[in-house]
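Please open the structure in your viewer and keep the selection tool at hand.

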Amino acid sequence: IDSETGLGDMVLWTAFSNRYEPPYIFGVGPTVMLDTASDEQLGTGKWSAGPMGLAFYIDDDWILGGIAQHWWSFTGDDQTKVTTSLGSVQVDRPDVNLTDFQYIIRRRLSPTTNIGCAPNIRYNWETDQLDLPVGIGADTVIKIGQVPVKVGAEIHHYIERNENLGPEWMLRIFFVPVIPSPEWSRKPLF
């Protein structure tokens with residue numbers, strides 16, 4: 001199998017909470033996985049949606065918590081073309097039935113700088129496959145003009161993975177603009 005580099009499917013999630021003040025933060029809402037992969041081998045080929053929930057403990061020294069999501073596909077490609085040494089072959093794409101849990105353990109060095117990890121554990125219910133990474137990294141908040149931006153990197157080693165397709169190591173580099181929430185969202189909905 002040839003290696004491929006590019007962008008995968010994008011995920012959008014929204015959490016609704018009756019309280020968004022540390023130290024305890026909880027929320028639930030919908031999550032959507034968009035079919036945005038730059039190459040069909042890097043994505044599911046499906047549009048998927050499901051529930052999500054989060055829980056965090058945040059104080060001056062630690063950020064601890066997790067985000068759980070689950071997706072079921074509702075539309076998308078049923079087949080894809082795979083190139084092998086014998087030529088191109090059409091293969092069936094499995095439906096998406098995927099659980100993702102991102103655990104977050106961060107030690108705060110300052111109000112803007114952290115060390116720790118936030119890898120994603122995934123279980124694919126269609127293929128009975130577990131991806132279990134562990135890792136370490138760092139992040140900080142900088143300003144680009146007036147916009148605060150969280151930048152960082154983590155390295156993850158997969159202690160359980162798909163032997164044929166899953167990575168053994170992964171380098172995650174992130175660049176996240178911090179956009180203030182709109183005024184209407186600062187008032188409790190329930």
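A nonpolar core is a set of buried Ala, Val, Leu, Ile, Met, Phe, Trp, Tyr and Cys residues joined through side-chain atoms within 4.5 Å. Buried, in turn, means under 20% relative accessible area. The model on display is a predicted one.

**The core.** Select Ile 25, Met 52, Leu 54, Phe 56, Ile 58, Ile 63, Ile 67, Ile 104 and Ala 118; these nine residues form the largest nonpolar core. Next, colour strand E3 (46–58) and strand E4 (62–76), the elements that each supply two or more residues to this core. Of the core residues, four come from E3, which gives the most. In soluble globular proteins, nonpolar side chains tend to be buried together.

**Ile 67.** Centre the view on Ile 67 and display its contacts. Leaving aside residues up to four places away in sequence, Ile 67 touches Trp 13, Met 52, Gly 53, Leu 54, Phe 56, Asp 100, Phe 101, Gln 102 and Ile 104.

**The whole chain.** Now select the entire chain and switch to a cartoon view. The secondary structure consists of 12 strands and zero helices. The C-alpha atoms occupy a box of roughly 55 × 35 × 35 Å along the principal axes. Of contacts between residues at least 6 apart in sequence, 51% link residues at least 24 apart.

Finally, show the surface. The accessible surface amounts to about 12400 Å², and carbon and sulfur atoms account for 60% of that surface. Of the 190 residues in the chain, 27% are buried.

Terms used: Residues are numbered from 1 along each chain as its sequence is written. This is a predicted model: local features need pLDDT of at least 70, side-chain atom pairs count only at pLDDT 80 or more; totals for chains, interfaces and linings use all residues. Side-chain values use heavy atoms; hydrogens and water are left out. Buried means under 20% relative accessible area, exposed over 50%, partly exposed in between (1.4 Å probe, protein chains only). Contact means heavy atoms within 4.5 Å. Accessible areas come from the Shrake-Rupley method with a 1.4 Å probe; for residues, only the protein chains shown count as cover.
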